[in-house]
Amino acid sequence: MATGEQTSVALVSMLLNERGIAARGLTGGQAGLHTDSCFGSATIERIDPAPLRACLASGTVAVVAGFQGVTQDDEIATLGRGGSDITAVAVASALRSSACYIYTDVDGVYSADPRICPKAKRLARISHEEMLELASLGAKVLHPRSVYFAMRYQVPLVVLSTFKPDFGTWIVSEEELMEQAEVTGIASRTDEAKLTLIRVPKAASVLHKVLAAFNSTNINVDMISQAGYSDGRANISFTVLDDVSSAALKILNDLVPELGAEGAEVDRNITKVSVVGVGIRNGSAIGAKIFEVLAQNNIEVEMIGATDIKISLVVARKYGDAAVRALHQMLVK
C-alpha cells in the first residue's frame, strides 16, 4: 500500500540530483512520522523533526513520502484518505513553517462548486473552521482530516494550482481575517440518505436506543429531525452516508417492534445543501434569507440542521443544484 509513494520519492530525488539539486528521498518513517496501529487509516501520534532538520541543515531537499508512517513496532502504516495532505500539514507543523503550500489540480477554494454554479468566486482567504465545514460538506479541494490538523496546530494552508500557481486561497485562523462575510460559501453533497422511523412514540429512549445501535456498528448520524403528530407519535429522520444506509435501515427495521414504531424507510434521492460562514453566528437574518430564497424557487426543505457557522438543509435531489445556485446568488457577496 505504501510502495507507490516510496517509488515516487525515489524518482523525484533522482531527478533533482541529476539537475544538480541535492535531494534525498525519505519514507514516512525515515521522516519521523509515528502513527498508531490502525492500518489503512492510521493517525499520526507524533513527529520527530530531527531527520528533516538534519536534511535541511545540510542544504539537501527532503522529498517525503506522504500517506504513511511507522508504528511503535516499526511497521509501516498508511493514513487513509487525505493522507498525503495530512503528511504535508504534519511536516509543516513539526518544522514550525510559516505556511504549508498544497499544489493540486484547482487554483483555490471557491464559494461553490463551479460545475454547479458558474458564478462561483475563488476565495482569497478563508478560515480553518470554514474550510473544515466546507470540506466535510462536499467541497473536495482538501480532505477534512488535513484541515482539522492545520486548524489544531494553527498552520496556515495555501491551495494553489500545479499548472497555474499565480493565484490561490489562504486558509488561516479566524483572527487573521480582516473582514468576515456572513456567508463564505455554499456546499452540497449527494452521497447521503435519509432514514425515517414512522410514527414512533415520542421518548428520549427511542433516540438513545437507535443511536446506540448505530454506534455499535460504526454508523455515524449526521442530522436528526422530528415531526410530531397530535396523538403523541412522531416521525424521526436521520441522515447517514449512503454506503451504510442499507445496514442502517436493517437496524431500524429490527428495532421497530421494540420501539413501537409503524415502520422504517429510506430515501436516497436527496441532496444536502449547506450555507457556511463565520458571520452566521452573528447574523440572525441568514435563516430568514435562506427560506425566502427557497420559497421563491418553490424548493421544499425536508430537514434542517445548524451550528454556529453553518446551516444545512436536506432537499429532494432534483432541487439540489437549483438550491445551490439560488442561495449563492442571494447570499455570497
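In this predicted model, the largest nonpolar core holds 34 residues, and of these Met131 and Leu157 touch the most other members. Helix H3 (83-94), strand S7, helix H4 (128-136), helix H5 (144-152) and strand S9 (157-161) each supply at least two residues of this core, with the largest share, five residues, coming from H3. Once neighbours within four places in sequence are set aside, Leu157 is in contact with Val89, Cys100, Ile102, Leu142, Ala150, Thr169, Trp170 and Ile171. Apart from this core lies another, made of 23 residues, which include Ala112, Cys117, Ile286 and Ala326.

Trp170, listed among the contacts of Leu157, also takes part in a nonpolar feature of the surface, where together with Tyr101 and Tyr103 it makes a patch of about 330 Å². Of these residues, Tyr101 has its place in strand S7 (residues 100-104), and with a relative accessible area of 45% Tyr101 is partly exposed, a value that lies over the 30% asked of patch residues.

The charged side chains give a second view of how the chain is held together. Side chains of opposite charge can pair when their charged atoms come close. The model contains 16 salt bridges, and three of them are set out below.

| Salt bridge | N to O distance | Relative accessible area of Lys or Arg | Relative accessible area of Asp or Glu |
|---|---|---|---|
| Lys289 and Glu182 | 3.7 Å | Lys289, 32% | Glu182, 34% |
| Lys272 and Asp222 | 2.2 Å | Lys272, 4% | Asp222, 35% |
| Arg281 and Asp308 | 2.9 Å | Arg281, 34% | Asp308, 37% |

Lys289 and Glu182 form a salt bridge with their closest N and O atoms 3.7 Å apart; because Lys289 lies in helix H8 (residues 286-296) and Glu182 in the loop between strand S10 (168-172) and strand S11 (185-189), the pair ties together parts that are 107 residues apart in sequence. Lys289 is partly exposed, and Glu182 likewise counts as partly exposed.

The salt bridge between Lys272 and Asp222 has an N to O distance of 2.2 Å. Since Lys272 belongs to strand S16 (residues 270-276) and Asp222 to the loop between helix H6 (204-216) and strand S13 (224-228), this pair ties together parts that are 50 residues apart in sequence. Lys272 is buried at a relative accessible area of 4%, whereas Asp222 is partly exposed at 35%. Both residues also belong to a network of salt bridges that links Arg189, Asp191, Glu192, Asp222 and Lys272.

Arg281 is partly exposed, as is Asp308.

The loop between H6 and S13, which holds Asp222, is also where Asn220 lies. Is Asn220 buried or exposed? Asn220 has a relative accessibility of 64% and therefore counts as exposed, since the limit for that class is over 50%. Even so, Asn220 touches Thr239 and Val240, when residues up to four places away in sequence are not counted, and its C-alpha lies 7.8 Å from that of Leu241, a residue 21 places apart from Asn220 in sequence.

How values were computed. Residues are numbered from 1 along each chain as its sequence is written. This is a predicted model: local features need pLDDT of at least 70, side-chain atom pairs count only at pLDDT 80 or more; totals for chains, interfaces and linings use all residues. Side-chain values use heavy atoms; hydrogens and water are left out. A salt bridge is a side-chain nitrogen of Lys or Arg within 4 Å of a carboxyl oxygen of Asp or Glu. Helices (H or I, at least four residues) and strands (E, at least two) are DSSP runs, numbered from the N terminus. Buried means under 20% relative accessible area, exposed over 50%, partly exposed in between (1.4 Å probe, protein chains only). Patches are made of residues with over 30% relative accessible area and no salt bridge: like charges are joined within 9 Å, nonpolar side chains (Val, Leu, Ile, Met, Phe, Trp, Tyr) within 5 Å. Accessible areas come from the Shrake-Rupley method with a 1.4 Å probe; for residues, only the protein chains shown count as cover. A nonpolar core is a set of buried Ala, Val, Leu, Ile, Met, Phe, Trp, Tyr and Cys residues joined through side-chain atoms within 4.5 Å. Contact means heavy atoms within 4.5 Å.
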